[in-house]
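Hi,

Here's the structure I promised to pass on.

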Amino acid sequence: MRRFLTLSLGLLPLVACAPAPTQPQPTRPPPVATPADPGFRAAFSREGVAWVASGRACVARAPSYRVSCPKLPPAVDVGWNGGDAWAAIPGLGAVITLDRAAQTVAVGRVVALSGTRAYREDGTAVNYAGVAVRGVIGAPSAAITGGGGQDYVLLGGKLIRVTDGAVLESGAGVYLRATPSGARSADVPGVMADFGSYRLANGTLERLDAAGGVVGRAAHGPGGVGLVGSDVVTVSPLGQIRVFGMDLRERS
């Protein structure tokens with residue numbers, strides 16, 4: 001027994017020096033959207049940013065980004081048209097401007113706004129003058145006016161071009177992004193620019209190169225991201241606005 005203990009103790013230094021098993025290196029998770037207010041939507045233009053969160057619609061114009069949230073019944077979406085920020089108010093069956101000259105256009109119960117159209121619950125559409133225009137069949141979950149000036153919607157998990165009803169994507173993501181020639185869907189909020197593309201994912205605002213590689217990051221919570229002139233602008237469901245240069249340096 002004593003000899004066995006002596007041999008066992010003699011092996012301890014060898015065991016202590018043995019290399020530890022190699023641990024797998026953690027990999028960066030795929031891009032995911034951080035859960036936010038499910039009723040949050042944002043729209044961007046060269047004039048500024050408009051958003052709706054929990055039914056409250058607001059607008060902030062560049063360059064001051066002073067926030068204005070007029071007292072209105074609950075809104076479901078916002079959009080920019082003719083230099084004005086509009087909110088869709090289903091309870092009133094109207095779209096209403098959020099600042100500048102007060103305008104109200106009767107359009108029915110709207111569920112989504114683009115830069116040119118207001119889409120009703122049945123998919124029929126009108127422009128911001130209240131004139132009937134081409135729509136879709138069914139209620140879109142989101143709409144956008146793409147880089148080519150045409151409208152695109154998300155409907156039943158598909159990306160549809162409104163002008164001819166063509167299905168461009170099946171199993172589409174829940175967000176829309178304008179592209180130079182149209183639009184595409186994505187699983188996280190993002191925007192494409194001449195100087196790169198940007199997305200909000202994994203608790204960061206990320207800049208991507210042409211190949212889709214991440215070339216810059218800034219810590220950021222959930223929200224929306226878009227272009228206001230040459231600035232990358234973000235807004236959170238709580239109304240926090242942040243302005244970045246194309247290199248993700250935040251402007252004071």
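Quick one to start: which residue in β20 is the bridge partner of V191? That would be Y198.

Before the rest, some bookkeeping. This is a predicted model, so local features need pLDDT of at least 70 and side-chain atom pairs count only at pLDDT 80 or more, while totals for chains, interfaces and linings use all residues. Residues are numbered from 1 along each chain as its sequence is written, and side-chain values use heavy atoms, with hydrogens and water left out.

Back to the sheet. β19 and β20 (residues 196-201) run antiparallel and are joined by four bridges. They belong to an open sheet of four strands, ordered β19-β20-β21-β22 with antiparallel pairing. At its edges sit β19 (190-193) and β22 (214-219), each pairing on one side only. Strands here are DSSP runs of E, at least two residues, numbered from the N terminus, and two of them pair if DSSP finds at least two bridges between them.

The other spot I looked at is E169, in strand β16 (residues 167-170). E169 is partly exposed, at 23% relative accessible area; that class lies between buried (under 20%) and exposed (over 50%), with a 1.4 Å probe and protein chains only. Beyond four places in sequence, E169 is in contact (heavy atoms within 4.5 Å) with G157, K158, L159, R184 and S185. Of these, K158 is 11 residues away in sequence, with a C-alpha to C-alpha distance of 5.5 Å.

Cheers
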